[in-house]
Amino acid sequence: MNSKALPRQINNLEVGVYECEIHLKFRLIEEKSLLSDREQLLQVLLDALTEGSDDFLETLQASVKAQEVSEFKASPQMRRQLMRLRNAAENPQT
């Protein structure tokens with residue numbers, strides 16, 4: 001899965017740690033061989049969902065929840081990244 005974040009503006013950056021939950025139900029026309037590789041399947045599904053419904057994808061149900069949590073619930077790597085982002089916002093490069 002691609003872990004690249006969306007581009008952000010550093011100016012006035014407020015960041016936090018969020019727990020996100022997505023429930024999706026849909027029908028998809030796809031090659032059977034794709035179903036054996038969960039990582040590849042997930043990427044194809046996410047790509048298909050971002051493109052929207054078409055003749056090969058039929059969304060039946062979608063639910064998204066996001067809730068801010070204490071940064072102490074995040075892994076040490078995520079907390080370090082959070083500190084880097086905050087430091088970048090406080091000390092912008094010119």
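Colleague: Which residues form a nonpolar patch on the surface?

Modeller: The patch consists of I22, L24 and V64, which together have about 290 Å² of accessible area. The model is predicted, local features need pLDDT of at least 70, side-chain atom pairs count only at pLDDT 80 or more, and totals for chains, interfaces and linings use all residues. Residues are numbered from 1 along each chain as its sequence is written, and side-chain values use heavy atoms, with hydrogens and water left out.

Colleague: What makes a group of residues a patch?

Modeller: Each member must have over 30% relative accessible area and no salt bridge; like charges are joined within 9 Å, and nonpolar side chains (Val, Leu, Ile, Met, Phe, Trp, Tyr) within 5 Å. The areas come from the Shrake-Rupley method with a 1.4 Å probe, and for residues only the protein chains shown count as cover.

Colleague: Where is L24 found?

Modeller: L24 belongs to strand β1 (residues 17–28). Strands (E, at least two residues) and helices (H or I, at least four) are DSSP runs, numbered from the N terminus. The protein has two helices and two strands, in the order β-α-β-α along the sequence.

Colleague: Which residues line the second largest pocket?

Modeller: The lining comprises C20, I22, L24, L46 and V64, and β1 gives the most to it, with three residues. On a 1 Å grid over the protein atoms alone, a pocket is an open set of points where a 1.4 Å probe fits, with protein on both sides within 12 Å along at least five of seven lines; lining residues have an atom within 4 Å of a point. The space in this pocket is about 210 Å³, a volume being the space filled by probe spheres set on the points, which are joined across faces, edges and corners.

Colleague: What is the make-up of that lining by class?

Modeller: The lining of the second largest pocket has five nonpolar, no polar and no charged residues. Ala, Val, Leu, Ile, Met, Phe, Trp, Tyr, Cys and Pro count as nonpolar, Asp, Glu, Lys and Arg as charged, and the others, Gly among them, as polar.

Colleague: Why is the contact of E58 with R27 called a salt bridge?

Modeller: The term requires a side-chain nitrogen of Lys or Arg within 4 Å of a carboxyl oxygen of Asp or Glu. The closest N and O atoms of E58 and R27 are 3.3 Å apart, so the pair qualifies. It links distant parts of the chain, E58 in strand β2 (residues 57–69) and R27 in strand β1, 31 residues apart. Their C-alpha atoms are separated by 5.1 Å. At 40% relative accessibility E58 is partly exposed, whereas R27, at 51%, is exposed.

Colleague: How many salt bridges are counted?

Modeller: The count is two. R86 and E71 also meet in a salt bridge, at 3.0 Å from N to O. R86 lies in helix α2 (residues 76–90) and E71 in the loop between β2 and α2, so the pair ties together parts 15 residues apart in sequence. R86, at 33% relative accessibility, is partly exposed, and E71, at 26%, is partly exposed.

Terms used
Buried means under 20% relative accessible area, exposed over 50%, partly exposed in between (1.4 Å probe, protein chains only).
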